[in-house]
Amino acid sequence: MQKSSCFLLLLITLFFLEVKPLLAQTLPSGGSGKSAGRGENRAVDPDSPVVSFGATPKHALLLGEKAAGRLVIIDPETLEVVARIPAGGNLHEIATDGRYVYIGSNLPGITVVDAIAQKRIEPIDIGAFGDRHAITFAGTHLYLGHETNRLITRYDPATKKFDEVIGLPGGSHMLIVTPDEQRIFTASSIGSVISIVDRITNEKGQKNFSFTNFPGDTRMEGMALSPDGNEFWALHMHAKEISIINVLEMKLVSTISFEGGLNNRIKFTKDGKYVLMNELQGNELRVWDVATRKEVKRIDVGAGGEGILIDPVRPRAYYTVSAGNKLVVIDTNTMTVIKEITDLQNPDGMAWFSSK
């Protein structure tokens with residue numbers, strides 16, 4: 001009897017040793033219907049199949065699942081997921097030109113996805129310039145911020161070549177480029193400087209760049225430009241301050257101090273009346289009144305978040321609640337939550353897609 005019991009125990013042990021690893025590979029994160037914590041998430045194989053529920057709409061919200069390594073396409077009309085496209089782990093900043101989506105991930109170079117065909121295509125080689133963080137599209141060019149090397153590069157998708165390299169006094173964690181490409185806003189997390197870069201042409205017709213610099217902090221990430229282009233807000237993560245620059249006068253006009261944990265993203269609402277600020281470690285999205293420079297509300301979203309994107313059509317903001325593995329949709333007229341899209345794996349960067 002004792003030998004039978006030992007033999008049965010051995011069989012059970014062998015079963016779990018063989019089957020448990022298989023279950024860990026096949027069971028999805030959050031399979032119980034609850035969002036899994038960020039530590040439990042694992043990036044999917046970048047060559048795994050695309051999960052598609054339909055065609056990409058003319059206008060779409062693009063979202064990066066940082067932990068899962070997938071580009072998620074969401075229909076803003078229905079607020080339903082249209083497709084999930086594997087694009088490399090640690091998926092971060094996203095930009096689009098209305099056909100292609102440019103993504104920073106752990107894959108070499110810049111990952112490129114054809115949003116209409118819903119598939120990954122040939123990446124962009126950035127080896128000559130070093131690693132990147134900031135990615136944005138303006139006019140007809142893709143702009144990349146190479147923070148460590150203190151460079152901004154410009155890529156022309158039509159020629160598939162880099163046609164411009166700009167050296168900076170500080171790094172470029174994030175970038176804002178005006179639609180006409182004549183002005184670039186950046187703030188450094190390593191150079192303690194805020195820079196506004198203007199394209200200029202001298203009396204001989206030669207083109208160059210003019211830099212207007214402002215004192216910064218050792219870690220600046222969040223930046224926002226008002227819809228009318230008159231005010232630029234830069235968020236000092238360590239100093240707990242927001243620098244407000246009058247763009248017309250190129251003058252620092254105000255500095256706001258605030259209490260908080262870790263805050264690294266800010267965005268103006270579509271009407272320019274409010275600025276939204278994230279909380280990485282708190283549970284709230286914070287709302288600032290632009291006219292009074294005062295915080296007027298906090299919206300409880302249940303966990304810490306990062307990315308903020310303003311809908312260009314509707315009075316709506318999208319907030320990636322990274323620690324809660326969800327996207328929260330906010331009505332910016334009432335500053336209330338109107339929808340949550342759950343079961344996302346550490347969502348972060350977003351971009352607005354309008355097909356061309």
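Mentor: What follows goes from the pocket and its lining to the strands and rings around them. This is a predicted model, in which local features need pLDDT of at least 70 and side-chain atom pairs count only at pLDDT 80 or more, while totals for chains, interfaces and linings use all residues. Residues are numbered from 1 along each chain as its sequence is written, and side-chain values use heavy atoms, with hydrogens and water left out.

The largest pocket holds about 1,500 Å³ of space. A pocket here is an open set of points on a 1 Å grid over the protein atoms alone, where a 1.4 Å probe fits and protein lies on both sides within 12 Å along at least five of seven lines; lining residues have an atom within 4 Å of a point. The volume is the space filled by probe spheres set on the points, which are joined across faces, edges and corners.

The lining of the largest pocket comprises 49 residues, and those nearest its centre are Thr 136, Phe 137, Ile 176, Val 177 and Lys 267. By class, 27 lining residues are nonpolar, 12 are polar and 10 are charged, where Ala, Val, Leu, Ile, Met, Phe, Trp, Tyr, Cys and Pro count as nonpolar, Asp, Glu, Lys and Arg as charged, and the others, Gly among them, as polar. Strands that each supply at least two residues to this lining include S5, S9 (134-138), S13 (174-177), S17 (220-225) and S21 (266-268), while S29 gives the most, with seven residues. Strands are DSSP runs of E with at least two residues, numbered from the N terminus.

Two of these contributors belong to open sheets. S5 is part of a four-stranded antiparallel sheet in the order S5-S6-S7-S8, where two strands pair if DSSP finds at least two bridges between them. Strand S5 (94-96) and strand S8 (119-124) stand at the edges with a single partner strand each, so one side of each has no neighbour in the sheet. Three bridges join S5 to S6 (residues 100-103), and Ile 94 stands opposite Ile 103 in S6.

S9, in turn, belongs to an open antiparallel sheet of four strands in the order S9-S10-S11-S12, and its edge strands are S9 and S12 (161-167), each pairing on one side only. Within that sheet, S10 (residues 141-146) and S11 (residues 151-156) pair in the antiparallel sense over five bridges, with Leu 142 opposite Tyr 155 in S11.

A search of the whole structure finds six aromatic pairs, in which rings of Phe, Tyr and Trp (its six-membered ring) have centres within 6.5 Å, planes under 30 degrees apart counting as stacked, over 60 as edge-to-face and the rest as tilted. The rings of Tyr 102 and Phe 137 have centres 6.0 Å apart and planes at 5°, so they form a stacked pair. Tyr 102 lies in S6 and Phe 137 in S9, so this pair ties together parts that are 35 residues apart in sequence. Tyr 102 is buried at 3% relative accessible area, and Phe 137 also counts as buried at 18%, where buried means under 20%, exposed over 50% and partly exposed in between (1.4 Å probe, protein chains only).

Lastly, Lys 267, one of the residues nearest the pocket centre, has its C-alpha atom separated by 8.2 Å from that of Gly 222, 45 residues away along the chain. Gly 222 lies in S17 and is buried, at 1% relative accessibility.
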